[in-house]
Amino acid sequence: MNRNLRNAIIAFLAPLPSIVFYLSFLRSYSSTSDPELSYIHSWCSNHPLLLANLLFFFNVNFLFWVIGLLQSSHWMIDVYWTVIPVMLVHYFASHPLGQYNRWRSMIVVILTWVWSVRLTHNYFRRENWEWGAREDWRFNDLRKQYGKHWWWLSFFSVYVSQQIFLFGICLPLYTIHAVDAPLNIWDFISSAICLTGIVMAYFADTQLHEFVTRNQKLKEQGKSKIPNLDTGLWYYSRHPNYLGEQLWWWGLVVFAWNLGQGWTLIGALVNTLCLVYVTILVERRMVKQEYRAEAYRAYQKTTSVWIPWFKKSQVGAASKDKNT
């Protein structure tokens, strides 16, 4: 069996323990006559967020971590970043404690699927349609940094941290399915923000993919690679794909804020702050590459980091540097 097929099978089988458990709970939580099972089902029914976190901890954190150790690669969490929000939105919508406006729920479920399909497509397109071809470069850097301690540190830095981030940014999906209120204009504004983010991220990632593909062909032909992507959305922003992703999550926050649950912004806020740090890491990595360092430094001086804006002139940027 080749690696691609083996990894695909592993990825499909890995979440089954949680799925089977939850489906069995839904089937029998209210009809079981076994007191012990009745207690378990009662607890699961009364603690939707705790149950979801427990399933995540044992099925994703622990099981995925063990698989990652056996394969010496923690690739699978990247794939499931694109899928877990879909699983969570259906979990919250189907949980017995759920009470919500069905039209709002349907809108959010559809939007979450569109977001997931977009991000999943981008992941596999980037990985040449292979399962687990490589793990995130940041994990590779950490592996080198921590050496023999990486095997246990990876449990916390790769998996436990992902649980905190994912549940934090998915909190609006929970509140949307915990508050029943009529649709209003803010639901349509939220939908517009989410869709804008999805569309922006799609076009930004597509332009980046085309740029990377073009450079690979130039390298194969023995020609010099283009040092920097400076067209399309990337002409106005250095990280339009990051901005699109943030708009998606903040659009969900607006849904929750409209339902009187503005506290759920904490997840999106932490995620945004983390992405600021990732942006710094990515840009440091870019200027370390000799063939593009000079061009990228010039790009930094003239182009907005996230928010699309008009170019600064090279002359203005240079004079500003001299003054500082």
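**Entry 1: a starting point**

I began with Tyr174, which lies in helix α10. For helices I use DSSP runs numbered from the N terminus, H or I of at least four residues, while strands are E runs of at least two. This is a predicted model, where local features need pLDDT of at least 70 and side-chain atom pairs count only at pLDDT 80 or more, though totals for chains, interfaces and linings use all residues. Residues are numbered from 1 along each chain as its sequence is written, and side-chain values use heavy atoms, with hydrogens and water left out.

My cut-offs are under 20% relative accessible area for buried, over 50% for exposed and partly exposed in between, using a 1.4 Å probe and protein chains only.

Next I checked what Tyr174 touches, skipping residues up to four places away in sequence, and got Pro48, Leu49 and Phe92. Contact here means heavy atoms within 4.5 Å. I also looked up Thr264: it is 90 residues from Tyr174 in sequence, yet the C-alpha atoms are 9.4 Å apart in space.

Ala178 sits in the loop between α10 (171-176) and α11. Ala178 is partly exposed, at a relative accessible area of 26%. From Ala178 to Phe124 I count 54 residues in sequence and 34 Å in space, C-alpha to C-alpha.

**Entry 2: the whole chain**

I stepped back and found 15 helices and zero strands. The C-alpha trace spans about 75 × 50 × 35 Å along its principal axes. Of the 324 residues in the chain, 43% are buried. Among contacts with a separation of 6 or more, 78% come from residues 24 or more positions apart.

Residues 49-70 are 100% helix and 0% strand, with end C-alpha atoms 30 Å apart. Residues 186-204 are also 100% helix and 0% strand, and there the end C-alpha atoms lie 27 Å apart.

**Entry 3: rings**

How many aromatic pairs does a search of the whole structure find? I got 23. The pair of Tyr22 and Phe25 has ring centres 5.8 Å apart and planes at 40°, so I noted it as tilted. The rule: rings of Phe, Tyr and Trp (its six-membered ring) pair if their centres lie within 6.5 Å, with planes under 30 degrees apart stacked, over 60 edge-to-face and the rest tilted. Tyr22 and Phe25 are three residues apart in helix α2 (residues 16-28), so about one helical turn separates them. Both Tyr22 and Phe25 are buried.

Phe62 and Trp65 make another tilted pair, at 6.2 Å centre to centre and 50° between the planes. Phe62 and Trp65 are three residues apart too, about one turn of helix α4 (residues 48-71). Phe62 is partly exposed at 44% relative accessibility, whereas Trp65 is buried at 12%. Ring pairs join Phe62 and Trp65 into a cluster with Phe57, Phe58, Trp151, Phe155 and Phe156.

**Entry 4: charges**

I found the charged end of Arg285 over the ring of Trp137, 4.4 Å from its centre. Lys311 lies over the face of Tyr235, at 4.9 Å from the ring centre. To count, NZ of Lys or CZ of Arg must be within 6 Å of the ring centre and within 35 degrees of the ring normal.

Then I turned to Asp205 in helix α11 (residues 185-220). Asp205 is buried, with a relative accessible area of 9%. Leaving aside neighbours within four places in sequence, Asp205 is in contact with Arg118, Asn122, Arg125 and Asn241.

**Entry 5: cores**

The largest nonpolar core has 51 residues, and Met76, Trp248, Trp249 and Leu252 have the most contacts inside it. Such a core is a set of buried Ala, Val, Leu, Ile, Met, Phe, Trp, Tyr and Cys residues joined through side-chain atoms within 4.5 Å. Helix α4 gives the most to this core, with eight residues. Apart from it lies another core, of 12 residues, including Trp234 and Tyr296.
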